[in-house]
Amino acid sequence: MKSIPENVLRTSLRLVYANPEKNLPKLVNWAQPIAAATGRIQEKQWKMIKRITQDPSSGGYGLIMRIIHQTDYEVLEKIVMNFVFNAAWFGSEQLEKNRVEMDMNIPWAILMDPTSACNLSCTGCWAAEYKKTDELSFQTLDRIITEGKELGTYAYLFSGGEPLVRKHDLIKLASKHNDAIFAAFTNATLIDDEFAEDLLSVKNFIPLISIEGTEEMTDARRGIGVWKKCIQAMDILRDRGLPFGFSTCYHTYNTEYVGSDEFVDFMAEKGALFGWYFTYIPVGEGASLDLVASPSQRAYMLKRVREIRSHKPLFVLDFWNDGNYVNGCIAGGRRYLHINANGDMEPCAFIHYACESIHGKPLVEALRNPLFKAYREHQPCNSNMFRPCPMFDNPELLLDMVNQSGAQSTQRIDSESVEQLYAKCKPIADKWKPIADELWEEYQR
């Protein structure tokens, strides 16, 4: 049965790729009654799909056309099949079944650190407090992916450190698990022609290039010359028809620019198909509080990401401000989790506490750890989905969950206690609350 919809999807993609402007609207009209019969897509979702695919003035339509015209066909086919078919369709069915039967959180995506080593030293890096010699072996990474797919997880992201320090191993993993989708948050300094050819070979690996805005903004945090290397990497990828996105941390000194039309238009011009915004989090004892975005800046980004999605041919996400689309916090294995280079099972890349390791036991057993159970009991963390995070928006919850589960700091350098983190985040959360509540009330009208 699986081969029938798989073949239909491949045939449909070939038709759309051949003449997207003509065939895409036809395909959507043809597919609507079939999908409606399965119950997978609701009427309001179809209205949105039809609006996007039949309105040339919409940002979504422009993005679809950019994806089709800009991306190598074989790469596009592989990513569509792995992401839409394996991860979003059959994988999701398997996940939901296992979540109910096992009565536990099972992630849709797993974020892993192949290494904590990095060739840069960025100001305010959330991973700066890990021990720099930690790494997950190829065998461990391979096992996590193998066991994850058995549960229904087909999406894997890499961070670090700089994950491309291990780029040859990552390409081997993408090649071996050619039914999964892979992405890496990278500083882009190790992307070259040879690596681009490797990406063309495996076809299921997408770079997410970290950039802070202008050359001055990027180099101020990441080092002189890094911005130019980011742009060079984008050119290499775009010229080969390889999809990629940008990843941007917004903070006190760059928020207005990275949310601007100028920046978004430039990223689209360079070839980025999507962007992922993160707000600066002061993780670690020595983390600067001066970089924390103000409540008004966070509110600005909340509104801007929605405007960008509506009007620009580039899809953007905001890890904090899009909580209303995913019913709050997705961490702790609810939709994603983080396994650092030491093997610690952390609920989130920004929350460095764990009471379980991936080493010495199957993934399914490691997922049953007390901290993840505490997350499941508390999710969603707030009825206001613009205050989704148990660290930055509801720090009293994180304090309770860490202490309740007996989790310990995974930061090998400073071992920041959860009480110290709470003390930093509570004033930030208190300042955001009235603005977030006003925005939430406005959103629900």
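The domain assignment divides the protein chain into domain 1 (6-85) and domain 2 (336-444), the bounds coming from an automatic or database domain assignment. The centres of domain 1 and domain 2, taken over C-alpha atoms, are separated by 36 Å. The model is predicted, with local features requiring pLDDT of at least 70 and side-chain atom pairs counting only at pLDDT 80 or more, whereas totals for chains, interfaces and linings use all residues. Residues are numbered from 1 along each chain as its sequence is written, and side-chain values use heavy atoms, with hydrogens and water left out.

Two packed helices are described by the angle between their axes and the distance between the axes. Here the axes are lines fitted to C-alpha atoms, for helices over the stretch in contact, and angles run from 0 to 180 degrees between N-to-C directions; helices (H or I, at least four residues) and strands (E, at least two) are DSSP runs numbered from the N terminus. The crossing of α6 past α7 is right-handed, meaning that the near helix is turned clockwise from the far one by less than a right angle, anticlockwise being left-handed. In this pairing, Phe138, Leu141, Asp142 and Ile145 of α6 meet Asp169, Lys172, Leu173 and Lys176 of α7, contact being defined as heavy atoms within 4.5 Å. By class, the contact of α6 with α7 comprises 4 nonpolar, no polar and 4 charged residues, where Ala, Val, Leu, Ile, Met, Phe, Trp, Tyr, Cys and Pro count as nonpolar, Asp, Glu, Lys and Arg as charged, and the others, Gly among them, as polar.

Helix α7 also packs with helix α8 (residues 193-202), the two axes coming within 9 Å and crossing at roughly 10°; α7 and α8 are therefore roughly parallel to each other. On the α7 side the contact is made by Lys167, His168, Ile171, Ala174 and Ser175, and on the α8 side by Glu194, Phe195, Asp198, Leu199 and Val202, giving 5 nonpolar, 2 polar and 3 charged residues by class.

Helix α13 (residues 295-311) packs with helix α17 (residues 418-444) at an angle of about 25°, with their axes 9 Å apart, which makes α13 roughly parallel to α17. The crossing of α13 and α17 is right-handed, and Pro295, Ser296, Arg298, Ala299, Leu302 and Lys303 of α13 make the contact with Lys431, Trp432, Ile435, Leu439 and Glu442 of α17. By class, this contact has 6 nonpolar, 1 polar and 4 charged residues.

A search of the whole structure finds 25 aromatic pairs, rings of Phe, Tyr and Trp (its six-membered ring) being paired if their centres lie within 6.5 Å, with planes under 30 degrees apart counted as stacked, over 60 as edge-to-face and the rest as tilted. Among them, Phe83 and Trp108 form an edge-to-face pair, at 5.7 Å centre to centre and with 85° between the planes. This pair links distant parts of the chain, 25 residues apart, with Phe83 in helix α5 (residues 73-102) and Trp108 in the loop between α5 and β1 (109-112).

The loop between α5 and β1 also holds Asp103, which has a positive phi of about 55° although it is not a glycine. A cis peptide bond, with omega about 20°, joins Gly160 and Gly161, and Gly161 lies in the loop between β2 (155-158) and α7. The peptide bond from Gln379 to Pro380 is likewise cis, with omega near -5°, and Pro380 is found in the loop between α15 (370-378) and α16 (395-405).

Technical notes. Parallel < 35°, antiparallel > 145°, perpendicular 65-115°, else oblique.
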